[in-house]
Structure formats: C-alpha cells, structure tokens
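I opened my notebook to jot down what I could look up in this one. Here is what I was looking at.

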Amino acid sequence: MNYHFEFGWLFEYYPQIVKGIAITIELIAVGAVAGILLGIVCAWVRALGPAWLKPVVAAYVELIRNTPFLIQLFFIFFGLPSLGVQLSELQAANLAMVVNLGAYSSEIIRAGIQATPRGQFEAGASLAMSPFETFRHVVLVPSLQRIWPALSSQVVIVMLGSAVVSQIAAEDLTFAANFIQSRTFRAFEAYIVSTVVYLMLAILLRQVLVMVGWAIFPRGAAQ
Amino acid sequence: MLSRRLFVAIAAIATTIGFGSVAKADALGDIEARGTLRVAVPQDFPPFGSVGPDMAPVGYDIDMANLIAEKLGVKVELVPVTSANRIPYLQTNKVDLVISSLGKNPDREKVIDFSAAYAPFYNGVFAPAEVAITKPEELAGKTVGVTRGAVEDLELEKIAPADAVIKRYEDNNGTISAFLSGQVEAVATGNVVAAAILAKNPPKRPELKFLIKNSPCYIGLAKEQPALLEKVNGIIAAAKADGSLNAIAQKWLGTDLPADL
C-alpha cells in the first residue's frame with residue numbers, strides 16, 4: 001500500500017464536522033428521550049392497556065419494525081408534504097427517529113413488563129394502589145432495569161442508523177463526511193475521520209446510558 | 001525480385017493512403033456518393049439519445065441526425081457511441097458527423113471542427129413561475145436544492161449570497177423530490193434534469209430563473225471540410241428559422257429553444 005494520506009483539509013473543514021457532530025448528538029438526544037417515552041406508553045398498552053387500543057399499537061409497531069428506516073424517513077420528508085404536512089429536514093429526521101425507536105423500544109420494554117412476577121401486581125393492589133400507580137411505581141422501574149442493557153444497545157443502533165438522515169440533506173456527521181469527500185476527493189480520510197468520531201460517540205453514548213441507569217434505578221438492586 | 005515486391009507493397013500502401021485522403025478531402029461528396037450519412041449518436045444519455053422500447057435509438061440527437069440526413073437527401077446510419085469514443089470515431093473516419101450532445105472547448109477544437117449550436121445545454125436556477133428570482137443576489141433567504149458535488153453545487157456556492165440556504169441532496173432524484181414536495185423553493189440543476197421533471201407534468205413546473213453555466217451542444221465534424229460544414233450550418237439555420245428545431249426541443253426538452261442559441 002503506497003497511499004499518501006492527506007489530512008490538511010481538516011483545518012478548512014473542521015467547522016462542518018463540529019456542526020455535523022452537534023446535529024447527530026441533537027438527533028439522538030431527542031430521539032432517545034422521546035423514543036423511550038413513546039416505547040413505554042406503547043409497551044403499557046400492549047401488556048396492560050385497554051383491549052381496543054392494542055391492535056392500533058400492534059399495527060404501528062409491526063409497520064415500523066418491518067420497513068426500512070430510510071423509507072420511513074423518505075415517507076415523512078418527501079411523502080407527507082402531499083398531505084400538507086411540511087417538515088424541515090431536522091424535524092423529519094427527529095420524528096423518524098422517535099417513531100422508529102418508539103416501536104423497537106416498546107417491544108424490549110414489553111418483554112421487561114411481561115417478565116414481572118404476578119405477585120408484584122398483587123402486592124401493589126394490596127397496598128391500595130390504583131393499576132396506574134402499580135404500573136408506575138412497582139412494575140415499570142424494575143422492568144426497565146431488567147432490560148436496560150438491551151435498550152441501551154437499541155439506542156446506540158438508532159444513533160448509528162441516523163447516518164441515513166444525510167439523504168434528506170440534514171447536515172449530520174455523515175453529511176459532513178460526504179460533503180468533504182465531494183469537495184476534496186479525499187474519501188478515505190473523510191470516512192476515517194467520521195468512523196473514529198462515530199466510534200467515540202457510540203462509546204460515549206453507552207457510558208451516558210450506564211450513568212442514567214445508575215441515576216434512575218435503586219442502587220444495589222440486581223441488574 | 002525482392003525490391004520489386006517491396007515497390008508494389010509501398011505503392012499499394014501509398015494508394016490506400018491516397019484514397020483515404022481523397023475521401024477526407026471531400027466528405028460531403030463522399031456522403032452523397034455513398035447515399036448514407038453516418039452519425040455518432042449517444043445511447044445512454046436521455047433525452048439526447050437512449051434506447052427506445054423497440055430497441056432503436058431515440059432522442060434529440062437522433063431526431064437531429066434524421067433531420068440533417070433528410071435535408072442532404074441521403075439515408076441515415078446511426079452509430080451508437082459513448083462520450084469517451086465519440087471523437088475518435090470521427091477522427092478515424094468511422095462516422096461523418098458526431099451528434100452526441102457534444103460541448104465545445106479549446107482542446108476539442110484542435111482536433112475537430114464544430115457546426116453552429118443545435119441544442120441548448122446549460123445549468124441554472126429553476127423555480128416555479130410565482131417565485132421571483134432573476135439573479136443570484138435574490139436567492140437571499142431562499143432555500144435552494146442542489147445535487148451534492150455537481151458543477152451547479154460548486155458554482156452556486158460561489159455566487160449565492162451568504163443567507164441563501166443551500167440544501168444538498170445525494171443525487172438528482174433527491175433534488176427533484178425535494179423540489180416537487182416543496183422542501184426547497186428553487187433548484188440549481190441542468191436543463192436536462194429540468195426537462196425530466198417537466199416530462200412528468202408535475203404541479204410545480206420548474207422555469208429557468210438565471211443561468212449558471214451555458215455550454216450548448218454542437219455537431220462535430222472532421223477538420224477542414226468547408227463544404228460539409230457549410231451545408232450542415234445551412235441546415236441548422238434553416239431548421240431554426242422554420243421552427244423544426246424548436247419542435248425537436250419541445251418534444252425532448254419540454255421548452256422552446258433559447259433565443260440566443
């Protein structure tokens with residue numbers, strides 16, 4: 001291999017990379033928080049919710065889990081304007097990520113809820129808690145704690161999957177790498193830099209999620 | 001004995017070369033004697049030239065080739081070429097004319113001659129009629145879609161004001177979709193892409209607002225063929241005057257010929 005590496009362009013283009021990183025972080029921050037909340041609501045409906053709502057949520061979850069993320073994104077960005085819903089590329093990207101993570105996380109969280117022993121529900125009822133209070137205080141937190149590692153992985157997958165939002169001209173990290181590649185023709189270097197940044201972001205995100213776990217789950221409880 | 005054979009061989013070669021240069025000296029007479037006009041046309045560059053449903057080439061350049069052959073009173077023989085080999089085909093006398101969306105530049109002018117322009121080829125900023133833009137400065141505050149890395153992208157970056165929002169899509173389809181779905185107010189692209197949008201009869205019709213780069217198409221022919229060049233230029237001028245060239249432009253590009261072509 002006698003490839004001559006050339007990273008001089010970094011000085012000219014680093015603002016673009018920094019902006020790309022900021023947008024990727026913004027996307028995953030909004031996507032993770034809103035996506036997990038949506039997932040909790042959907043998991044509650046599917047496990048314990050009213051019977052009439054279950055097919056609706058099931059249809060949503062199956063639709064999202066069985067279609068490509070890119071198509072969901074194109075549908076929101078290029079398709080919805082036909083119905084009069086005009087979203088900017090960042091709004092579209094955020095919405096697509098929330099909807100996508102909502103469906104996947106609901107299945108993970110539902111597994112945690114269904115693994116809750118029957119006695120926990122009865123214990124809640126015997127303390128005169130309403131079904132909602134039982135769910136909120138007795139079922140949900142231990143459920144989340146059980147599936148937290150799996151949920152963390154899903155969040156990281158969605159963060160990495162956010163690379164495709166560059167297809168609708170959202171100027172995330174992948175867009176920055178593509179842009180630099182088409183201006184400098186230094187494809188190898190541009191993608192080395194973006195690979196390293198994605199790797200660091202993923203490791204960082206995992207650490208953040210571990211710390212969130214420490215904060216919201218009782219210390220010393222079994223993982 | 002040997003020297004006699006050598007002499008014959010040399011004479012034969014000289015004769016061949018001699019005939020070759022005779023043929024080259026009067027391409028127009030050669031075409032008329034042969035009764036066919038050999039034209040290099042594209043087969044992979046719609047709407048200028050592509051393969052039709054019956055496997056025959058169709059497009060702007062093919063219609064142009066037919067028009068010229070008809071005016072010359074000869075049959076047409078279409079020779080499919082790629083953009084890389086279209087000039088070598090002409091230089092090696094495999095074709096009489098290159099009608100293959102060929103642009104003019106100084107390097108090409110050293111090796112072949114060019115007719116008058118016969119087709120518009122340019123890129124510029126396009127938007128629906130109701131968007132008022134006439135020059136780059138008026139893009140201020142507007143969102144413009146462009147295909148990332150294309151010539152228009154690089155040029156637009158230089159001429160657009162700082163507060164114009166340039167949205168870069170991966171390919172022409174992304175740019176077209178963004179325009180049609182209203183995600184951008186204008187697009188910077190080529191007239192061929194604009195023609196592809198118009199061909200689908202969309203609710204938003206892209207109209208040229210200003211030119212970024214103009215590089216019309218010319219017919220290429222071998223050097224030093226004044227009779228053929230004059231004839232071809234005459235046919236082009238007549239076709240512009242009687243509207244038949246405009247009809248070809250309407251058919252394949254969906255717009256009238258620019259006045260300055």
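This is a predicted model: local features need pLDDT of at least 70, side-chain atom pairs count only at pLDDT 80 or more; totals for chains, interfaces and linings use all residues.

In chain B, pLDDT stays under 50 over residues 18–23. I also looked up contacts for residues 18–23 of chain B, and the model has two of them beyond four places in sequence.

Next I wanted the wider view of confidence. Which element of chain B has the lowest mean pLDDT, and which the highest? The lowest is helix 1 of chain B (residues 2–25), with a mean of 57. The highest is helix 3 of chain B (residues 60–72), at 95. For chain B as a whole, I wrote down a mean pLDDT of 88, with 90% of its residues at 70 or more.

Then I checked how chain B is divided up. I found domain 1 (2–121 + 217–253) and domain 2 (123–214). How far apart are the C-alpha centres of the two domains of chain B? I got 34 Å.

Last entry: the place where the chains meet. I looked up 10 residues of chain A in contact with 11 residues of chain B. On the chain A side, helix 3 (69–79) and helix 7 (173–184) each supply at least two residues. Helix 7 of chain A gives the most, with three residues. I sorted the side of chain A that touches chain B by class: five residues are nonpolar, five are polar and none are charged.

How values were computed: Residues are numbered from 1 along each chain as its sequence is written. Chains are lettered from A and ligands numbered from 1 in the order in which they are written. Two residues are in contact if their C-beta atoms, placed from the backbone, lie within 7 Å. Helices (H or I, at least four residues) and strands (E, at least two) are DSSP runs, numbered from the N terminus. Ala, Val, Leu, Ile, Met, Phe, Trp, Tyr, Cys and Pro count as nonpolar, Asp, Glu, Lys and Arg as charged, and the others, Gly among them, as polar. Domain bounds come from an automatic or database domain assignment. pLDDT is the predictor's confidence in each residue, from 0 to 100.
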